[in-house]
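Me: I am new to this structure and would like to go through it step by step. Could you help me read it?

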Amino acid sequence: MHIETSGMLERHRLDSASGVTLTYAEYVPRRSSATDIVLVHGLASSGLQFHNDAVRFAESGHRVIVPDLRGHGASGVPSGPIRAADFSIATMAQDVLAVLEHANAGQVHWVGNSLGGILALHLLGTPQSDRLESLALFGTCFSMQLPAQAAHVLRLSFLPGAPVTAWLTARTTTQSLFGRQSIETAIRQFNVGAGAAIVSGLRRYDFIANALSYDRPVLVLRGGKDHAVNLRLRHDIRRLAHRPNIDLIDLPRGGHCANLDVPDAFCAALEEHCRRAELRAST
């Protein structure tokens, strides 16, 4: 699909510490006046999901960094057999930090969808949590308990072939024409073996304690149509509701990729979240 960028988009490539080639897009504002934003996609998606949002944030003065996670988009996978250890939450979180280092980014507003949010939650329990001036999550659970068969189900869901799977998944994910095109493109690029390895590491995690230890602004955007995630998220929110730094905003017409379904409401909520975080940091 063709992307109009008005000259603000730059594409970069680097090798991670483990030798995996990582790619990211950088949206450069004409005049930088705000903290950098990093937009991190979820499983089987790619940075293309955030193109329109990145343009909007760059036009408002933010430099925006949009990585493709390993095994997704234009990023690579390790040579040799795919191992679960190569796609652990910790490993992929370090990949994003490597991207931020390559981009010479300091503190950032981290916006994560699904897996992209999980990686940030992991970092909240490490010394690198200082890199996050704020955190915004959507389609992300703070904890998870899935059966061992989850990775096998992912492989089976792709048996019809990438083109068919991409077409079906795009149309069941969002009604947005751009969203469908970006999801279909991402799934055609997606490494299914890597995806199964990722899911094996996502079956069981609990980052509630990490979230409770983080005292900077956190925004949870809950899509009303993201039914499967909301079943678990309801449980998580009850454990976090007493935290004054955690805000919950409902987007009733949003699905798992709410930025594609309700882009104006999504961006407006994030812009206000970032504004408040920067005001807090300056006082």
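Me: How many salt bridges does the structure hold?

Reply: The structure, which is a predicted model, holds 13 salt bridges. One of them joins Asp-95 to Arg-70, with the closest N and O atoms 2.5 Å apart.

Me: Where do Asp-95 and Arg-70 lie?

Reply: Asp-95 belongs to helix H2 (residues 89-102), while Arg-70 sits in the loop between strand S4 (64-68) and H2, so the bridge ties together parts that are 25 residues apart in sequence.

Me: Is Asp-95 buried or exposed? And what about Arg-70, buried or exposed?

Reply: Asp-95 is buried, at 7% relative accessible area. Arg-70 is buried as well, with a value of 1%.

Me: What is there to know about the pair Glu-184 and Arg-188?

Reply: Their side chains meet in a salt bridge, at 3.5 Å from N to O. The two residues are four apart in helix H6 (residues 177-189), which means that about one helical turn separates Glu-184 from Arg-188. Glu-184 is buried, with a relative accessible area of 17%, whereas Arg-188 is partly exposed at 47%.

Me: Which residue does Arg-222 pair with?

Reply: Arg-222 forms a salt bridge with Asp-250, and their closest N and O atoms are 2.6 Å apart. This pair links distant parts of the chain: Arg-222 is in strand S9 (residues 218-223) and Asp-250 in strand S10 (residues 246-251), 28 residues apart. Asp-250 is partly exposed, with a relative accessible area of 41%.

Me: Which residues of H2 are buried?

Reply: The buried residues of H2 are Ile-89, Met-92, Ala-93, Asp-95, Val-96, Leu-97, Val-99 and Leu-100. Asp-95 in this list is the partner of Arg-70 in the salt bridge discussed above.

Me: What follows H2?

Reply: H2 is followed by Asn-104, whose phi is positive, near 55°. Asn-104 lies in the loop between H2 and strand S5 (108-113), and counts as exposed at 68% relative accessibility.

Me: New topic: the nonpolar core. Which residues have the most contacts inside the largest one?

Reply: The largest nonpolar core has 49 residues, and those with the most contacts inside it are Trp-110, Leu-119, Leu-135 and Phe-142. H2 supplies the largest share of this core, seven residues.

Me: What is Leu-135 in contact with?

Reply: Setting aside neighbours within four places in sequence, Leu-135 is in contact with residues including Trp-110, Leu-121, Tyr-214, Pro-217 and His-273. There is also a second, separate core of 26 residues, which includes Met-8, Leu-39, Ala-54 and Leu-251.

Me: Now the cysteines. How many disulfides does the count come to?

Reply: The count comes to zero disulfides. For Cys-257, the nearest cysteine sulfur is that of Cys-141, 14 Å away. A disulfide needs the two sulfur atoms within 2.5 Å. Cys-257 counts as buried, at 6% relative accessibility. Cys-274 is in no disulfide either, the nearest cysteine sulfur being that of Cys-267 at 10 Å. Cys-274 is buried, with a relative accessible area of 2%.

Methods. Residues numbered from 1 in each chain as written. Predicted model: local features only at pLDDT ≥ 70, side-chain atom pairs only at ≥ 80, totals over all residues. Heavy atoms only, no water. Salt bridge = Lys/Arg side-chain N within 4 Å of Asp/Glu carboxyl O. Buried < 20%, exposed > 50% of the residue type's maximum accessible area, 1.4 Å probe, protein only. Core = buried A, V, L, I, M, F, W, Y, C linked by side-chain atoms within 4.5 Å. Contact = heavy atoms within 4.5 Å.
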